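Reader: I would like to work through a structure feature by feature. Please give the general idea each time, then the case at hand.

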Amino acid sequence: MAKKNETKVLVDKKGKRIDGRGVNDIRPLKIEAGVIPNADGSASLEWGQNKVIVSVYGPKECLPKHTQNPYKAVIKCNYRMATFSVPDRKNPRPARREIEISKVSGEALEKAIFVERFPGTEIDIDIEIIDSNAGTRVAGLVAAAVALADAGIPMKDLVAGVGVGKADGHLLVDLNKDEEDADDAVDIPLAILPNSEELVLLQMDGLLTRKEWDKALKMGIEASKKVYEVQKEALKKKYENVKVKEVAK
Amino acid sequence: MKRIVVPGELITDKRKKTGSHVFVREGKIYSEVIGLANDEGEYASVVPLEGSYIPMRNDLIVGVVSGEKFSGYDVGINTLYPTYLSKKEIRDRLKVGSILSAKIRDIDERREVDIENIRVLYDGEIITVSPVKVPRIIGREGSMLNVLKDGTGSSIIVGRNGWIWAKGGNIPLLIESINKIESEAHTANLTNKMEEFLSKKAGKKVNAPKAKEEKAPKMEDKNVDKKDEMIEDEKGDLIG
């Protein structure tokens, strides 16, 4: 553990970060679609140390009935962190933070789905964080978008996102835990619909100048488009190598 | 050339008629599902690779009785809500688990359906497939279905809702064949592949009669032909 007064050099003179990335680089990202056979749609994601599994069920009859909306489908999004996903055991009870992230993630995804086509129904999205190292809410969103597309739910666009922010006086893309814990850290998770560049999630923790903010937003949108390419690839990859299921005799 | 598209991917920026599973934004046509895009003809459309069953009028479906009321039955048909069948409409006394085939008469805005032309199916079993793969299991003018019937010797009724009723013949082979069709639904020349596969497994020459068989339900064929045009071309060797 670093002592309080000891400052880490997060970005060296060559512009390299602790893990060797440049300021505009995202961590290695790997997505796989269709990992849970019994779900309507599913995806697993590895983004640096983050590991996420998402399952999607629906559209199905919305129960309990008082939660129905006669004009559109209700998105019921659940973001949960596994007890072993953080260094100290997390209480499995849904915390304030998880309830909030579930809400904003669901609202972000709702912008991408043609919800008005399925009145009186619900779409369940379960985002389970298996391992975390900063930026799990966008990781969850990115995986959830892939899982929704895998379920064949009609969508305007996928949802792609990334965390941007400031650490050690530098604007950075896709902060990891060390960078997020810096003294002057600013963290902005953002998600967009890549084709229209419409923002569907934007939160901010910390302070930036107007100039820094303009630059950070630009970096975030650019990085989100990189994420979008990985998402597209993951969905298409499912149909490249097909294996025939053998029936048990 | 047909290609796989994901939701929100551009299909064409030309002015075209919009087919199924596409939407228009700022004059350009985009896909709304994961599927195979086709923008060659008059229409720009997508054949989906995933998705649940959306009932349409005149679809032939297979249903299973899920409950009995005083004057009718609840029939599960792989949609959001079970449909209701009055006891006046059928002579047979049904039980929970009875299988029947029917045609969709009407749908309302909540996608609850009315059924007609009920036919009770005795014995047999139900094989479930993804509803979007049903056109490939029937094939162009029922060609794939004939291959399956000839190869396995089963009587088969394919419901648009993704439930397939089969009776007699070699059922394990039929299940294997259907799984194979389902997982290779987006590849080319599937009917010929299945002919070979079944010839090898059944140990006889499987050759589908080209004419329509009367067992293949008529109203369904009509529906399927139209959709299948998007999948296979004249020679039936395009990816689909």
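**Reading strands, helices and contacts**

Author: A hairpin is a plain place to start: β6(B) and β7(B) form one, with four residues between them. Bear in mind that the model is predicted.

Reader: How many bridges join β6(B) to β7(B), and in which sense do the strands run?

Author: Strands of a sheet pair through backbone hydrogen bonds, either parallel or antiparallel. Here β6(B) and β7(B) run antiparallel and are joined by four bridges. One pair to look up is B:N38, whose bridge partner in β7(B) is B:S45.

Reader: Which sense does the pairing of β1 with β6 of chain B take?

Author: Strand β1 (residues 3–5) and strand β6 (residues 35–38) of chain B pair in the antiparallel sense, over three bridges.

Reader: In what order do the five strands of the open sheet in chain B lie?

Author: The order is β10-β9-β8-β11-β12 (chain B), with antiparallel pairing. At the edges are β10 (83–86) and β12 (113–121) of chain B, each of which pairs on one side only. Neighbouring strands of this sheet are turned against each other by 45° on average, direction ignored. Within the sheet, strand β8 (residues 60–68) and strand β11 (residues 99–107) of chain B pair in the antiparallel sense over five bridges. B:G63 stands opposite B:L100 in β11(B).

Reader: How should I read the packing of α2 against α4 in chain B?

Author: Two packed helices are described by the angle between their axes and the distance between the axes. For helix α2 (residues 143–152) and helix α4 (residues 190–202) of chain B, the angle is about 0° and the axes are 10 Å apart. α2(B) is therefore roughly parallel to α4(B). On the α2(B) side the contact involves B:S143, B:M144, B:V147 and B:G151; these meet B:T191, B:M194, B:E195, B:L198 and B:A202 in α4(B). By type, the residues of this contact are five nonpolar, three polar and one charged.

Reader: What does α3(B) reach from its first C-alpha to its last, and which of its residues are buried?

Author: α3(B) has 13 residues and reaches 18 Å, close to the 18 Å expected at 1.5 Å a residue. Its buried residues are B:L174, B:E176, B:S177, B:I178, B:K180, B:I181 and B:E182. The cover over these buried residues includes β13 (125–128), α1 (134–138), α2, β15 (163–167) and α4 of chain B.

Reader: How many residues does each chain bring to the contact between A and B?

Author: Chain B contributes 26 residues and chain A contributes 25 residues. On the side of chain B that touches chain A, helix α3 (residues 171–183) gives the largest share, six residues. That side of chain B divides into twelve nonpolar, seven polar and seven charged residues.

Reader: Last, a loop residue. Why does B:G51 count as buried?

Author: B:G51 counts as buried because it has 20 C-beta neighbours inside 10 Å, and 20 or more is the cut-off for that class. B:G51 sits in the loop between β7 (43–48) and β8 of chain B. Not counting residues up to four places away in sequence, B:G51 touches A:G152, B:V33, B:P131 and B:V132. As for B:V132, it is 81 residues from B:G51 in sequence but 6.3 Å from B:G51 in space, C-alpha to C-alpha.

Methods
Residues numbered from 1 in each chain as written. Chains lettered and ligands numbered in written order. Predicted model: local features only at pLDDT ≥ 70, side-chain atom pairs only at ≥ 80, totals over all residues. Pairing = 2+ DSSP bridges. Helix = DSSP H or I, 4+ residues; strand = E, 2+ residues; numbered from the N terminus. Axes fitted to C-alpha atoms, helices over the stretch in contact; angles between N-to-C directions. Contact = placed C-beta atoms within 7 Å. Nonpolar A, V, L, I, M, F, W, Y, C, P; charged D, E, K, R; others polar. Parallel < 35°, antiparallel > 145°, perpendicular 65-115°, else oblique. Expected span 1.5 Å × (residues − 1). Buried ≥ 20, exposed ≤ 12 C-beta atoms within 10 Å, placed from the backbone.
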